[in-house]
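Subject: Structure handover

Hello,

Here is the structure for your files. Please open it alongside this note, as the findings follow below.

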Amino acid sequence: MNSPQPPSAPADDASRDDTLARLADTIDGRRGGDPEKSYVARLFSKGTDAILKKVGEEATEVVMAGKDGQRDKIVGEVADLWFHSLVALSHFGLRPADVLAELRRREGLSGLEEFALRKSRTREANEGGAP
């Protein structure tokens, strides 16, 4: 098992945003396509359960790759998870920009602060209060 290594230098924000947006555009373009010719069209044709099942399978594969500690395998499995997550976002009418905006909103908060805020919002919503 390989020990964790420091992360590589990140690409600039614009290139990451563009890559996700371009991939999302491609995925959106496959909606309604021929399921015999496109894997993404096939997923869309199978509906919500099939799409979410793939996200779950890929998440499990990320966990298993992490347990193996093989960096290239981890990267490949996370890429698969991100891809299938983009398919799920598209299915629900969402874009990568929606997720990036949420991550930017959370920037600067500790994980504990963010968790407490989400818990408070959930409690207020369940009690009928304003979020």
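Contact here means heavy atoms within 4.5 Å. This is a predicted model, where local features need pLDDT of at least 70, side-chain atom pairs count only at pLDDT 80 or more, and totals for chains, interfaces and linings use all residues. Residues are numbered from 1 along each chain as its sequence is written, and side-chain values use heavy atoms, with hydrogens and water left out.

**Overall**

The protein chain has six helices and zero strands. Its pattern along the sequence is α-α-α-α-α-α. Helices (H or I, at least four residues) and strands (E, at least two) are DSSP runs, numbered from the N terminus. The chain has 131 residues, and 20% of them count as buried. Buried means under 20% relative accessible area, exposed means over 50%, and partly exposed lies in between (1.4 Å probe, protein chains only). The accessible surface is about 9200 Å², with 57% of it on carbon and sulfur atoms. Those areas come from the Shrake-Rupley method with a 1.4 Å probe; for residues, only the protein chains shown count as cover. Take the contacts between residues at least 6 apart in sequence: 54% join residues at least 24 apart.

R30 is found in helix α1 (residues 13-30). R30 counts as partly exposed because its relative accessibility is 38%. Which residues does R30 touch, not counting those up to four places away in sequence? They are S38, V40, A41 and F44. R30 and V87 are 57 residues apart in sequence, yet 10.0 Å apart in space, C-alpha to C-alpha.

S90 sits in helix α4. S90 has a relative accessible area of 5%, so it is buried. Leaving aside neighbours within four places in sequence, S90 contacts I27, D28, R31 and F44.

Helix α4 (residues 71-91) has 21 residues. It reaches 30 Å from its first C-alpha to its last, close to the 30 Å expected at 1.5 Å a residue. The expected span is 1.5 Å times one less than the number of residues. The buried residues of α4 are E77, L81, H84, L86, V87, A88, L89 and S90. After α4 comes G93, with a positive phi near 75°.

Helix α6 has 16 residues and reaches 22 Å, first C-alpha to last, close to the 22 Å expected. G128 follows α6, and its phi is positive, near 85°.

**Helix pairs**

Axes are lines fitted to C-alpha atoms, for helices over the stretch in contact, and angles run from 0 to 180 degrees between N-to-C directions. Angles under 35 degrees count as roughly parallel, over 145 as roughly antiparallel, 65 to 115 as roughly perpendicular and the rest as oblique.

Helix α2 (residues 39-46) and helix α3 (residues 48-68) pack at about 120°, with axes 5 Å apart. They are therefore oblique to each other. Y39, L43, F44 and K46 of α2 meet T48, A50, I51 and K54 of α3. That contact divides into five nonpolar, one polar and two charged residues. Ala, Val, Leu, Ile, Met, Phe, Trp, Tyr, Cys and Pro count as nonpolar, Asp, Glu, Lys and Arg as charged, and the others, Gly among them, as polar.

The axes of α5 (residues 96-106) and α6 (residues 111-126) come within 11 Å and cross at roughly 115°. The two are therefore roughly perpendicular. E102, R105 and R106 of α5 contact E114, R118 and R121 of α6. Here the residues are six charged, no polar and no nonpolar.

Best wishes
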